[in-house]
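Hello,

Here is the structure I promised to pass on. My notes follow below it.

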Amino acid sequence: MSVLDRWVNRAADHPPPGPFRAGFWRSPLRGPWFTAILSVALLPGITLMFLTGLASYAAYNPNLAPGNDTTPDKGLLGSWLPGWPAGPFWLYWVNQGVHVTLGLVLIPVVLAKLWSVLPKLFEWPPARSVTQLVERASLLLLVGGAVFELVTGVMNIQYYYAWPFGFYQAHYYGAWVFIAAFVVHVAFRLRTMVGALRGRSLRAELRTPVSQTTAEEPDPDHLVSADPAPATISRRGALGMVAAGSLTLVGLSVGQTIGGVTRSTALLAPRGQTIGLGSQELKPDFQVNKTAAEAGIDPVGASWRLELNGAANTSLSRPQLLAMPQHTARLPIACVEGWSTGLQTWTGVRLADLATKVGAAPDSSLFVESLQRGGGFGSATLSADQVTAADALLALQVNGADLTIDHGFPARVVVPALPGVHNTKWVTRMTFLPARG
Ligand SMILES: Nc1nc2c(c(=O)[nH]1)N[C@H]1C(S)=C(S)[C@@H](COP(=O)(O)O)O[C@H]1N2
Ligand SMILES: [Mo]
């Protein structure tokens, strides 16, 4: 027996008091089956979270400059991402609705799962072998990563920027740390999970009342209590509580994604309840994410001109823009935070027509700048595909009325399938940039 083994054995005989002792944990619900059934929800759920998150990152056109990416050191973590298409119009709306709503759904499941394995956190001795030490360290990244992603995600959709780092970078890097730990964890645990699921039937559990609820068979991982107390809730009841928690979160937030009459049900969503200043013509008005006052935009007068730069440079007044061919499209503004305006009818000049006006090459990207000074989301670069899409507009009107200042007067970008953040409002300058070759 090596010195290390002897030390481990001696430590095992003398656990610190409280949660480090086996008898401390007495819930009869804890066990491999209960943990595994929660994993059945988490495995596809987390996979979909990761994929929709990656898609959302790609939708920002991170590889286009200037101004788009704020994770310049992403390297292999993102520079390989393909471009983002300019359709179908609902692509980003659905992607982000799924990402945000599913993230909320998973919160009760993650909490239940953490509860189910909580005794493992206090395992004594902390590690019996180097392999086990490594596995436990990877769990730190797994649990830390999950909590970090959920907490920053929720804080972001609640407008609560109480951290010293940028959300966009942190949530992205955090996702990679988490998913790496997740893959390792699944590789280690999949067999245990499948075995545990085979051991009991979900249908039988869903018919078992609390009076007949007893602990699972003792397991090698010691998830099952060494000294189980009588059940005070059935497995059915506990799973029902998790499901009810998830459904409540969905019910009180999904309205912000769907919009329309469901919007008023989104009691947990801070966005999309604000209606802009409105106008006589624009009725009924619809929600805005950010008002002109919030963005620090002063009323824009008749002297406003759009600066347009390409092979040639020019500038256009609003009457001149209105005199160009007008195109109408029904499109949503869909924000990264899962919030959307629902479908609105936007009318304005096609971006492609503006490109033609200044002789821009068809493969040009487009750098859009707003009147907004300082930080915020005052500029964005759109890809050539997005510029040439039939419904990609510099909108001048919405729902048959002139844009109000809160909707981006005198002109705003609206492009199908583009994240809201790149639909720049209060546009002042557009620069077509030939593809670098
Ligand atoms: N100039 C400017 N454009 C902007 C923003 C902004 O803050 N400033 N916010 C963006 C974001 S994050 C979104 S989701 C949409 C929301 O459009 P809305 O405020 O009209 O609802 O506008 C985008 N365009
Ligand atoms: Mo947004």
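How many residue pairs are in polar contact between domain 1 and domain 2? The count is 12, with both residues at pLDDT 80 or more. A polar contact is a pair of N or O atoms within 3.5 Å; within protein, one must be able to donate a hydrogen and the other to accept it, and residues adjacent in sequence count only if both atoms are side-chain atoms.

α3 (91-116) is among the helices that each supply at least two residues of the side of domain 1 that touches domain 2. α3 gives the most, with five residues. Helices are DSSP runs (H or I, at least four residues), numbered from the N terminus.

This is a predicted model: local features need pLDDT of at least 70, side-chain atom pairs count only at pLDDT 80 or more, and totals for chains, interfaces and linings use all residues. Residues are numbered from 1 along each chain as its sequence is written, chains are lettered from A and ligands numbered from 1 in the order in which they are written, and side-chain values use heavy atoms, with hydrogens and water left out.

The domains: domain 1 is 3-265 and domain 2 is 292-433, with bounds from an automatic or database domain assignment. Their C-alpha centres lie 40 Å apart. Between them there are zero salt bridges (side-chain nitrogen of Lys or Arg within 4 Å of a carboxyl oxygen of Asp or Glu).

Now ligand 1. The side chain of Arg 412 puts an N or O atom 2.7 Å from a ligand oxygen. For Ser 370, a polar side-chain atom lies 3.3 Å from a ligand nitrogen. Asn 423 uses a backbone N or O atom, 3.1 Å from a nitrogen of ligand 1.

Best wishes
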